[in-house]
Amino acid sequence: MEIDLRYRGNVLVVTLKGELDHHAADKLRQLVEKELDKEIAIHLLFNLPGLTFMDSSGLGVILGRYRRVNAAGGKVGACSLHPYIERLYQMAGLPRIIPVYESEEAALVSLKR
Amino acid sequence: MENWFELRLPALSQNEKFARTTAALFALQAGDWSLVEINEIKTAVSEAVTNAIIHGYHECCGEIIVSGTVAAGVVEFTISDAGQGIADVETARQPLFTTKPEHERSGLGFTVMENFMDEVEIDSTLGQGTKVKMTKYLLRKVQ
């Protein structure tokens, strides 16, 4: 899985491309944690138009990052989910704590509010 | 047209993708699944294989057997390991329950399997291993 990290102001945007499973989860966790340790970002956005598969291991790593960012007072969002991914996401009840947006721009407007 | 397969794999995380993709391809022989259904099969198999690696073998060193049978309108997969086994299957099936919260496990593996497949049977003995059998039926509206 490809992972791209960049900043839009105080939002760390994590763009994933490929399949997020247990095998890919460790690398994602490490890269995002390392970036959050720099304390540049307050909020976190998972930008997922390129994510073609996710199982509950993916949910675990996303939730883990939510706990960290939320504990520090930040917000987390996800955008551009493929319908298969959104189905799993909804099943886990995630939209209540990590809102889903149609696009990166819509997400950024909301997170920075 | 009936068929079967059996795959023996080391319990390595890089085999999760291989196992679920193989299962999805095999399932196509049952008939004309929708893309959503194929994704459900892929995800359910991925969950079971991941469980065998993480919980059966604690991420190291063991063998997983992924097997499947298919006939018109139905596919069944069995994922077996000879690992730790499950102490209490009913508790393990509860949504969000996990024995490894420190590893950021969501505790949703069995919930996903049960939502995405039509039948899930778990057979486990502590110290000997676990076998998860999952079945999906291809249902179509009667014309």
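Author: α1(A) passes α2(A) in a right-handed crossing. The model is a predicted one. The axes of α1(A) and α2(A) come within 9 Å and cross at roughly 15 degrees. An angle under 35 degrees counts as roughly parallel, so α1(A) is roughly parallel to α2(A).

Which residues make the contact between α1(A) and α2(A)? From α1(A) come H22(A), A25(A), L28(A), R29(A), V32(A) and L36(A). From α2(A) come S57(A), G58(A), G60(A), V61(A), G64(A), R65(A) and R68(A). Sorted by class, the contact of α1(A) with α2(A) holds five nonpolar, five polar and three charged residues.

Now step back to the whole of chain A. What order do its elements follow from the N terminus? They run β-β-α-β-α-β-α-β-α. That comes to four helices and five strands. The C-alpha trace of chain A spans about 30 × 25 × 20 Å along its principal axes. For 113 residues, a compact globule would have a radius of gyration near 13 Å, and chain A agrees with this at 12 Å. Of the 113 residues in chain A, 45% are buried. Take the contacts in chain A with a separation of 6 or more: 71% of them join residues 24 or more positions apart.

Helix α1 (residues 15–27) of chain B and helix α2 (residues 35–56) of chain B have axes that come within 8 Å and cross at roughly 140 degrees. α1(B) and α2(B) are therefore oblique to each other. Their crossing is right-handed. On the α1(B) side, the contact is made by E16(B), A19(B), R20(B), T21(B), A23(B), A24(B) and A27(B). On the α2(B) side, I38(B), I41(B), K42(B), V45(B), S46(B), V49(B) and T50(B) make the contact. By class, the contact of α1(B) with α2(B) has eight nonpolar, three polar and three charged residues.

Follow chain B past α2(B) and two backbone details turn up. Most residues other than glycine have a negative phi. H58(B) has a positive one, near 50 degrees, and is not a glycine. Where is H58(B) found? H58(B) sits in the loop between α2 and β2 (63–71) of chain B. It has 14 C-beta neighbours inside 10 Å, so H58(B) counts as partly exposed. C61(B) is not a glycine either, and its phi is positive, at about 65 degrees. C61(B) is also in the loop between α2 and β2 of chain B. Is C61(B) buried or exposed? C61(B) counts as exposed, because it has 10 C-beta neighbours inside 10 Å.

That leaves chain B as a whole. Chain B has four helices and five strands. Along the sequence, chain B follows the pattern β-α-α-β-β-α-α-β-β. Its C-alpha atoms fill a box of roughly 50 × 30 × 25 Å, taken along the principal axes. A compact globule of 143 residues would have a radius of gyration near 15 Å, and chain B has 15 Å, which agrees. Buried residues make up 39% of the 143 residues of chain B. Among the contacts in chain B with a separation of 6 or more, 66% are between residues 24 or more positions apart.

Note on methods: Residues numbered from 1 in each chain as written. Chains lettered and ligands numbered in written order. Predicted model: local features only at pLDDT ≥ 70, side-chain atom pairs only at ≥ 80, totals over all residues. Rg over C-alpha atoms; globule rule 2.2 N^0.38 Å. Buried ≥ 20, exposed ≤ 12 C-beta atoms within 10 Å, placed from the backbone. Contact = placed C-beta atoms within 7 Å. Axes fitted to C-alpha atoms, helices over the stretch in contact; angles between N-to-C directions. Parallel < 35°, antiparallel > 145°, perpendicular 65-115°, else oblique. Left-handed = near helix turned anticlockwise from the far one by under 90°. Nonpolar A, V, L, I, M, F, W, Y, C, P; charged D, E, K, R; others polar.
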